[in-house]
Structures are given as structure tokens and as C-alpha cells.
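Biologist: Hello! Could you walk me through some of the strands here, step by step?

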Amino acid sequence: VTILGTGGTIASRVDYRTGAVKPAVSSEELAEILPELRELAFIEPEVILNKYSEHITPSDWTTMAQITADKIESGVSGVVILHGTDTLGYTAAALSFALRELPVPVVVVGSQRSSDRPSSDAALNLISAVAVAARAPFAEVTVAMHENLSDDFVLLHRATRVRKNHTSRRDAFQTIDSTPLGRVKGGSELELLTDDYLGRDPARELRLRGKFNEKVALLKFYPSFDPSLIDFLVDKGYLGFVLEGSGLGHINDRSYRSLERASEKGVHVFVTSQCIWGRTNLRVYDTGRDLLRLGVVPLENMLAETALVKLMWALGNFEKGDEVVEAVKTNIAGEIVERSLGGPQRGFRD
Amino acid sequence: LRSRLDYGEIGLKVGVEIHLQLSTERKLFCHCPTALDEKATGRFTRRLRPTQSELGQVDPAALFEFEKGKIIEYWNPEASSCLVEMDEEPPHSLNPEALFSAIRMARFLHSYVADEIHVMRKIVIDGSNTGGFQRTCIVALGGDILLDDGESVPIQTVCLEEDAARIVKQKEGVSTYMLDRLGIPLIEVVTSPAIGSPSKAVDVALRIGRIGRATGYVKDELGAIRQDANISVGDGTVVEVKGIQRLSQLRKVVEFEAQRQVSLVNISNELGSKGVSEDDLQVQPVDVSEAYEDTKSETLSEALSRGDKIYAVKLKGFSGLLSRDTAPGYRLASEMVEKVRFWTDVKGLFHTDEMPSQGITDREIRRMMSKLSASDGDAAVFIFGEPAEITEALRRVLERALEALSGVPYETRGCREDARTYFLRPRPGMSRMYPETDIPPVPVTPELLQRVDSVPITDPRVEIDRLVEMGLTRQLAREIFDSRHYDLFLSLAPDLKKVKSSFVASSLTGILRNLEKEGYDVSKLSRERIEGIFRAVDEGRTAKESVGSLFEFMSESPEKGVEESLEALGLVMLPRAEIERIVEEVVGRMNLEGEPERVLAKAVGQVMSVVRGRAEPSVVSELVRKRLGKE
């Protein structure tokens, strides 16, 4: 298993003289901090970046995707990526789109409580991530984080459906409107929560689509929303944006003219919902039907953050406008869930 | 064992660390209240993993606890804990009210207040702190404390720290803690090891406690003031004794520890004069099962028949030392058992100083000793069980024996209810401390110091003098000052017109203490209810004599008010006419022959036995006198 360090709280150490956070991912250091790792798999750690996750950019995603692809081609059983938690969800989604036809699992893992405290969640998360990378039957990009406040279970969230929903709790990451792929008990026992996944197949040929176009924005609609924000993006040469509409995906009528203008200029406009849970639908109310007429494309129950990443990816990897829209609208990595179920919103039995 | 030690001669040095729990509006690093509330609403479990300190070292005791796979369960009551206590949210800013109190304390002790307060983390991974560390900060350095006898003791530091979670149960492999106490601010005052006797240690602790109480912020609950002590004798070692709950224990702990250290130094000297060296104790545990093949000892024969082995180590020159008392009810062998229990699952051991006994014969012991090539002055320790485990246990026995060569081991000890101390854990080094990066340093501005100095602490001695002026004896004044009802006393006593302050003070100390001893739940007597009782007396609705019965009754009937209780007990004051009627009835039946004073006393006594609690004795006496005057 390859462990790629990119920075963040997990597996880093504070240098008390300078106050700087230093990565501690030489294999010796890791083995010293987490002796359990040695029993799980042969570990190959490598530091590829050292950034707090708020400083990570789409070009870093490209680097991560490239190196991950190289490692997978060299034949590892799985790749674990250590990442700060702030934008961990964005990176994980980006990798889901960039690494097509994955033959083995890629697990992105972070920690909410710093690893220089004895109570850190880093150890259990990382041990579980390595166990999954080494042995899980699925070959998808997942996020491994605590299921609750106890040091018992780590959930494996599908990267396109996961969201950080708390600033500090160790169970901040939740799968929205779907089911996590599985949970790891005590750092070693994997229990699958669904059989709907892409299976591990080392013979499958990975296709790398690692480019991202940054001329994309995410806007949140609110009662005093100023439509000139849309005009500004269009004038600045943005190629597309995702609007987090209210409720089923609505934007007010004050914005219609700006939206129409964007469409005319060939700027792609997509809508998700700021409700976080639930599906957009622009056919129920007049407003929705108006928006559809203006060329706005609703994205079912895709998470707004995932939609943003996907739009960057689509613009990076497809030339023609229709291809871009088609790619964004089509489910390719579990980002759209067709069946929304009743029961607890956490989406799995508890 | 010497009956009385000359503490000067043995070079006793004691330093005390006093922890004063504060009743500030909020906890030290979050906005939860400081009142304990244990209605648990949630539970969660954790494992604490030792982290490398700045120097790349892992605390060996901490590592050991982790390797045992210990699980920690927490109960988090909603009324008294939040995500901060659960280590699920970064700490809030340092509570300014607590800092203010600590600085006031420091100023009173002439301690030098730091320019900036730096919060540090002290690694503690027994689970008592959810983060795996306790937050602490030095507020002031140096200073001194003046005792009532005019002597002074230097102060080393005044710190502000967070209290730990309360342990509620400990089962094999799982420790359970309640989070209500975690994070309550504590002022910690550390004296230098300049105290030369057990009674002086108590004086120092008392005085610091009183000064703390004079800040008005120290909680008046049981367990709100706790102390640790650092104790050494001339040729001994500084031993830290933690968790001394009461002052009566502190004196005994110091006596016990002084005695233990003197005895251990003697043992070390004896071993030295016998020529026992470290090399003599560099031995391997030996399988001596054969010596017990046909033993009549039930314990050993059962062990052998289920496949256990018996291993032993020879302790050269230790014969007679293992079972010699080193302090009351304590021996070198006890210390070996404590270490074995700390480091392994082995529960007990046998040693030759106690043999032959428990069915083990002299012949078996001799066979074992010859297997160990031991001679007359030697002792042996033997244990049955699974070879790997008992080898480890015996290695710990040898370790303790080696320590005996040099005298007193450097360690942290705990304190039992009867004030005997026991091995708690090896003493950690300074590397346990590192900066709390989540909280920036807090500057102590000149303005803050000015504000502190504008409300200086009144010396408790001055307050006690004031109580004496109110008519209390000095002894009673100290008792009520030290009691947790002092606030109530202060707000109540000056307000009462007829009831004397000394009566209030002695009721709040003596009567309540006795009821508590008898097992009454005096916590049911709220401030308001106690006040009500004294006001009823003051307003003449009942007699002074009723106070005890009311305390007793109302602590058992938490729903009843003062009036209801008086009625239920039949203690409502009788009208004067009714008392007159009773006097007439009683005196009318009496034989009035004899010396007038005697007759008067007898008559008053008989009337009082009828009306006790329902009439003031002075009124009874007056009416009886009047009635007798008519004869």
C-alpha cells in the first residue's frame, strides 16, 4: 500500500520551536507512531505535498491523480492519501472523476483532532484506511473517517457523496442521501454496507483524466442575491458556474435576465440545492419551469461541491459544449443517486 | 519500627501542592457551568495513544497503559459538559474570572505574576482527561506564605489548571469517567520542600485553603480542596503522593511516608553491610515446580495440575527484610506485590519470609532454595502461573529488589483512605509538558494588575478576628471559617436579632457534623431551609432547642417547609397562657417542701420536660418563680 502525504493534521508533528507543522511520513516514523500498520500491509510512504487543505488547488488534484495513477500502474494493492479535512471532500470527488476505471481502492483520510494529542482520531482513521486499501473488495475512491465520537468504527464514504458537516467533531464527515460503502471495526474488520460498487480487479486498465479547468464558480442564492454577480462572472470569462438554489433549486426572477445572458454567451449554468439533503426539481413550480427555459441545468441530488468539481473536470477533459453538459449531467462515479430512501437521513442503519 | 521519629534528625522535607476548585461562572476553557451534575445523557469510548513528545520520547508508563489495550468510557452529562470536554471542539479562551482569582491569590502570596500566561499541556493518559493531557499554566512564581505562628514557607508557583474527569468505575480493561468535573478551574499553589514536620504541613495546607476561601471563589463542597505532597528524608528520595482528600490524611501520609523512607534507607544500609551488590540480583527466574511436585498446598497443587509452573528468584541477603514492617501495616513485600500488579496480571506472590505456611512445608522450601543455590541469609520470591507472565512478574520483583539496594525509589504514590501510600506509577520526566497550540498566550496587562490590586484579599486571620469580636470563641471562629457553611453564616448571623452568632456557628458546625456522622443526608438542607429554621427561632416561633430536631427531620423530609416541620414535630411555641396552665398543673401536683432553690430547679425541670422546644427556658423559669412566689 502506498501512503501519499499531502499535509494537514493527520500524521503531522508540531515543531514546538518554530510552531510549524511537519509531516511525519517517513516509513520509520510512521511505523514508530503506528506499529499496527506493519501487521496490516507493506507500507510505502511518500510525501508529495505539504499544505493545509485550504491551500490546495485543482493543480494539486492533477498532481495527486497523476502520482496515484503511477503508483497503481506499478502494481500496489491500494493507495492511501493523507489530506487536511477542510477541502478533503473536494479532493476526493476530484480524484473520483480523474481516476476512471480504477482497478484498486484509493482511500483519502484525514483527522479532525490533531495527531499530537493522545486522543487524536488520526491513528484509527489511518489504520482503517490502510486496511481498506490493502484488502477491500471495491475499487473506488472513498473517504475514511470516524463514524461517531467513539474510537470504534470508521466509515468508508463514497467520495462524490460525502460532505464535512461539522467544524470539529470527529464524525464530521457524512454520506448525504446514500449509503457509505462500508465500515471498519477496530481498525481491521471491514463490513460492507452495500453491494453496489465497482469491484477490485487488478487487471482493469486505469484511465487517467486528470485535468481541471478553474474558470468555474459556485454561487449561493439568497433573498438579496445581486444578479450582477452573474454578469461579473460572465464578463470575467468564466466558462460555467453552479448555483446553489433554494429549496428544489430555485433562483429569483430578478436574476432571469442575467441567467439568459449567460446562456446566450455559452456559459454553462447548473443548479443544485442548498438544502444539502434531497433532489432538485425544476418542474414543480413556475419558477423552476422558467429557469429550465432559460437554459439552467438541474443536477438531481448531486452535492454542490461535487458539482463544482465535476464541472471543472468536464471543462478540463471535454472540448464541445454539449459534451461538457452531458458529462456533468450523467452519473459516472456515484454522484447522482437515483433512489432516495426513507429512514434516517444518515442513510444507513445504525 | 520506631515509635516516634525526630523529624529534624531524619531530615524530613515536605512540599505541598494545594488544589483549590473555583466556583466561577464557567469552566476554564469552555462555557459550561462549574456545578457538578451527573445526569448522564451520553456515553462514548476512546483509546488514548501515547504521542511522541518534543524530544521524541514516549512516557514508558503511558506506553504501557496503551499496550495493555485499555479502553476508556466517558459519560457526558449535558448540563455540565459540552464538545470541549469531549475533545470534539477546540478550547474556548481562558476564563478571565479564573485568571483574576489566581492573580489575586498570587498577589496575596507576594508571588511574581508572569507578563504572559502560556497554556501548556501535561500528558496524562490514564483517561482522566479526554484529550490525553491536562491544560495548565503558570500564573506566578516565587513568594511566601506566612503561618499563624509567624514562620513563613516559600512558594514556588501559583498555577491555574483544569480539573480532571471523575473516575466512576474501573473494571478489567475499561475505566469509566464522568465529565462533569473536567475543566473546572483549579488554582494550584506549590510550596518549596521547606516544611519540616507533619503538623506544619497541615498548617500550611490549612492556611492556603483559608486564603483561597477568602477570595470568595473557592467552592465550599466536599473535595473542593485537594492536596498532593512531595516528601523526602535525608538519605531518601523525593516521592510524590497524590490525591490526599482531607487534612487529617495529610498529617498521617507524611508520618507514614517518613517512616517508610527511613526504614527503606535502613534496609539499603543493611544490604550494603552484608555486601549485597547489583550483580547478585542480576539473576533469571528459575523453574522450581519440581520442588513442589507432591505438595500438600491446595493452591500450588491445583496450579500444577492445570499445567501452571512455579518460578522463583533468589534475593541474596534479603532474608527477614521482605516481611519487616517499613511503616504501619506495610512491608517491602507489599511494595513488590504493588509493582507486580501494576505491570502484570499476576495478583500475588509467595516469599520465604512467610514460609512455611498455607500447606507449603519447610522441606519444599529447602528443596526450592537448593535449586536456587540459596544460602541461609537469602530470601526467595516464587509465583505460579503461565511461564511468560510469571517471568515478567519476577523481573519486576527483581527490579524492586535492586531499588532496595539504593534506598527509596523515585516514584509517584497514591493515598489510601487510611493514609497508607501505595505505588501508583513510575515518575514521569519533564518531557510530559508541551505548549497548548490551540490557545494563544494571554498578556497580563498593568490595567489587569491594577484591577486585581483594587480588591485585595482580606487576610483570613483578620476575618477570624472579626468573628471573635462577634462573640465566637477563636476555636469556633476557625471552625465556621473552614466550614462550607461560612457564606451562609455570614449572610445570616448578623441579621438575626435574638439568636446569637455563636449559636448559629456552633449549630452549623457541631450539629450538622454530628448528623452527617450519623448518616443523615444533610445536603437536603438547602441554604434557604437552614435560614428558615434560624429565622423561626429568631422570631420566637420555636425554641432554640428545636434546631437539632428540625435539621434531623428536614433532612429526611426534603419536601416539608419549616412551618410544616414544626407542626409535625409539635415544636410550635405555646402561648404564654398555655404555659401558665401547664406550670399550674405541674406545680400543683408537686410536693413543695424543702429548700426554695432546689424546689424551683426541680419545678422548672419538670415543666421543661413537658414543653421542651415549645417554650423558652427563661419564660418557663419566670412563670414557675411567679407561681412559687404565691405559695
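**Strands and their partners in chain B**

Modeller: In β11(B), Glu73(B) has Thr176(B) as its bridge partner. This is a predicted model, where local features need pLDDT of at least 70, side-chain atom pairs count only at pLDDT 80 or more, and totals for chains, interfaces and linings use all residues. Residues are numbered from 1 along each chain as its sequence is written, chains are lettered from A and ligands numbered from 1 in the order written, and side-chain values use heavy atoms, without hydrogens and water.

Biologist: In which sense do β3 and β11 of chain B pair?

Modeller: Strands are DSSP runs (E, at least two residues), numbered from the N terminus, and two of them pair if DSSP finds at least two bridges between them. Strand β3 (residues 71-77) and strand β11 (residues 174-178) of chain B share five bridges, and their sense is parallel.

Biologist: Which strands are the edges of the open sheet of four strands?

Modeller: The order in chain B is β2-β3-β11-β10, with mixed pairing. An edge strand pairs on one side only, and here these are β2 (40-46) and β10 (166-171) of chain B.

Biologist: How many residues of β20(B) are buried?

Modeller: Buried means under 20% relative accessible area, with a 1.4 Å probe and protein chains only. Strand β20 (residues 379-385) of chain B is mostly covered, and of its seven residues the buried ones number six.

Biologist: Which residue in β20(B) stands opposite His351(B)?

Modeller: Strand β19 (residues 350-351) of chain B runs antiparallel to β20(B), joined by two bridges. Opposite His351(B) stands Val381(B).

Note on methods
Buried means under 20% relative accessible area, exposed over 50%, partly exposed in between (1.4 Å probe, protein chains only).
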